[in-house]
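Subject: Handing over a structure

Hi,

Here is the structure I promised to pass on to you. My notes on what turned up in it follow below.

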Amino acid sequence: MADSVKIGLIQASNDIEGNESVEVHKERAIEKHIKLVQEASEKGAQIICLQEIFYGPYFCAEQNKKWYDAAEEIPEGPTTVRFQALARELGVVIVLPIYEREGISTYYNTAAVIDADGSYLGKYRKQHIPHVAVGDNGHGFWEKYYFKPGNLGYPVFDTAFAKVGVYICYDRHFPEGARLLGLNGAEIVFNPSATVAGLSEYLWKLEQPAHAVANGYYLGAINRVGTEGPWNMGEFYGQSYLVDPRGNFVATGSRDQDEVIIGEVNKKLIREVRDTWQFYRDRRPETYGEMTSLLP
């Protein structure tokens, strides 16, 4: 593998009202994101990550069983299959966050990882599931209504260009999984998100650079843009970025535009930082047992 890898982060608005059918949302959003993936590839991106549940609005703003119909099996579902063909055509790795159905009616917030030859490498299921009100109009991040907590651990995928880990949205508030991704060999971790200004913006550029520094890897954070109706619970503030193992921002997106953000990973820097800060050598897991207890 080359030491330099170009990364593409895709942030986008949702173009139609949430009251439209699931089918209309998916068709419009998938077509839009195919064009954005093609643009990222034209700009040289080798690994491309889309935003959390990219093919529609952030429907967790309400609790409505209509949205269960948006879920698909992975990898057999049509969206994964379609993006496998796109990855093969363009020769790029795609991190594809979609709503997963397993069996009859078990649902996860998931990202499929597709290699540059179109092969399916595996999936990460979001581990930490929020249930948080935003404002006083009954809207919020009602994710426990839609998702079961992940049960596949913290896998790292050995893609054609780099070793890739995934951590989804609310996961970013928990350092334990971020550390496990590093221990499992991640060179870059992607965090596809959907988060609004009134709730989380003050944390957006604090937590994830800290994960990158503490664990000696690159981190790509993706957030959608715009305000989504009919809920209008806040502004999705974009500002997707790539940060390096020293906590430096390599590339940052706008606050309010559909955009492909291109940044570069330097694998030599990962080794240089880890040789300087020997966090993996000096950690003391034998002293951390209380973390897994039921203590508050």
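How many aromatic pairs does the count come to? The count comes to 22 aromatic pairs, where the rings of Phe, Tyr and Trp (its six-membered ring) pair if their centres lie within 6.5 Å, and planes under 30 degrees apart count as stacked, over 60 as edge-to-face and the rest as tilted. One of them is Phe54 with Phe83: the ring centres are 5.4 Å apart and the planes stand at 75°, so this pair is edge-to-face. Phe54 lies in the loop between strand 2 (47-49) and helix 2 (78-90), while Phe83 is in helix 2, so the pair ties together parts that are 29 residues apart in sequence. (Helices, H or I with at least four residues, and strands, E with at least two, are DSSP runs numbered from the N terminus.)

Before going on, a word on the ground rules. This is a predicted model, in which local features need pLDDT of at least 70 and side-chain atom pairs count only at pLDDT 80 or more, while totals for chains, interfaces and linings use all residues. Residues are numbered from 1 along each chain as its sequence is written, and side-chain values use heavy atoms, with hydrogens and water left out.

Phe54 counts as buried at 1% relative accessibility, and Phe83 counts as buried at 0%; buried means under 20% relative accessible area, exposed over 50%, and partly exposed in between (1.4 Å probe, protein chains only). Tyr241 and Phe249 also form an edge-to-face aromatic pair, with 4.9 Å from centre to centre and 70° between the planes. Here Tyr241 is buried, at 0% relative accessibility, whereas Phe249 is partly exposed, at 37%. Phe249 has a charge over its ring as well: the charged end of Lys205 sits there, 5.7 Å from the ring centre. The term asks for NZ of Lys or CZ of Arg within 6 Å of the ring centre and within 35 degrees of the ring normal. Arg179 likewise has its charged end over the ring of Tyr280, 5.4 Å from the centre.

There is also a cluster worth a look on screen: ring pairs link Phe59, Trp67, Tyr68, Tyr99, Tyr107, Tyr145, Tyr146, Phe147 and Trp231.

Tyr99 leads on to the nonpolar core. In soluble globular proteins, nonpolar side chains tend to be buried together. The largest core in this model has 45 residues, of which Leu50, Tyr55, Phe83, Ile94, Leu96 and Tyr99 touch the most other members. (A core is a set of buried Ala, Val, Leu, Ile, Met, Phe, Trp, Tyr and Cys residues joined through side-chain atoms within 4.5 Å.) Two or more residues come from each of helix 1 (22-42), helix 2, strand 3 (93-102) and strand 4 (106-114). Helix 1 contributes the most to this core, with seven residues.

Now the charges. How many salt bridges does the structure hold? It holds 19 salt bridges, each a side-chain nitrogen of Lys or Arg within 4 Å of a carboxyl oxygen of Asp or Glu. Helix 1 features here too:

- Lys32 pairs with Asp15, the closest N and O atoms being 3.0 Å apart. Lys32 is in helix 1 and Asp15 in the loop between strand 1 (4-11) and helix 1, so this bridge links distant parts of the chain, 17 residues apart. Lys32 counts as buried at 16% relative accessibility, whereas Asp15 is partly exposed at 44%.
- Glu31 meets Arg82 at 2.4 Å, N to O. This pair links helix 1 to helix 2 across 51 residues. Both partners are partly exposed, Glu31 at 36% and Arg82 at 39%.
- Lys43 bridges to Glu39, with the closest N and O atoms 2.9 Å apart. Lys43 is partly exposed at 41%, and Glu39 is partly exposed at 27%.

Beyond these, salt bridges link Glu100, Glu102, Lys123 and Arg125 in a network.

One last stop: Asp258 lies in the loop between strand 15 (249-252) and strand 16 (259-266). Asp258 is partly exposed, with a relative accessible area of 35%, and its C-alpha atom is separated by 8.2 Å from that of Arg224, 34 residues apart along the chain.

Happy browsing, and best wishes
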